[in-house]
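Hi,

Here is the model I promised to pass on.

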Amino acid sequence: MAFDKDAIIASLKEASISDLNDLVKAIEDEFDVSAAAPVAAAGAAGGDSAAKDSYTVELTEPGQSKVKVIKAVKDITGASLMDAKKLVDAAPSEIKKDAKEDEANDIKSKLEDAGATVTLK
């Protein structure tokens, strides 16, 4: 069977919104995909995210491995063990402010590897 995209497009132009909605759902089910826009693209459409050059890394939740997270915060910030513990206990708390994108993603990765939940702002 030949794929005739022009015929498909013509059929789509004639379809009702309800029919198109059913088609999207059927395609999602058949191919196990989602037609929802990715979150990153939606954020970039807002305009502010596209021009962002510095981030604040926020420890949202320390998770189950609190000791590992405290050690990771100590290594990242260079703070004493006691100060690192205070930051983790005070979650949500800023771990690094005005970090470049690569550095912020690196810090986020280290904290998530330790079991924490992290947000970049």
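Below is what turned up on salt bridges.

A bit of housekeeping: this is a predicted model, so to speak of local features we need pLDDT of at least 70, side-chain atom pairs count only at pLDDT 80 or more, and totals for chains, interfaces and linings use all residues. Residues are numbered from 1 along each chain as its sequence is written, and side-chain values use heavy atoms, with hydrogens and water left out.

Searching the whole structure gives six salt bridges (a side-chain nitrogen of Lys or Arg within 4 Å of a carboxyl oxygen of Asp or Glu).

One of them pairs Glu 58 with Lys 121, at 3.1 Å from N to O. This pair links distant parts of the chain, 63 residues apart: Glu 58 sits in strand β1 (residues 55–61) and Lys 121 in the segment after β3 (117–120). Strands are DSSP runs of E, at least two residues, and helices are runs of H or I, at least four, numbered from the N terminus. Glu 58 is buried at 14% relative accessible area, while Lys 121 is partly exposed at 44% (buried is under 20%, exposed over 50%, partly exposed in between, with a 1.4 Å probe and protein chains only).

Helix α6 (residues 101–113) holds Asp 106 and Lys 110, four residues apart, or about one turn. Their closest N and O atoms are 3.4 Å apart in a salt bridge. Glu 112 and Lys 108 are also four residues apart in helix α6, and they form a salt bridge at 3.9 Å.

Finally, Lys 66, Lys 85 and Asp 89 are linked in a salt-bridge network.

Cheers
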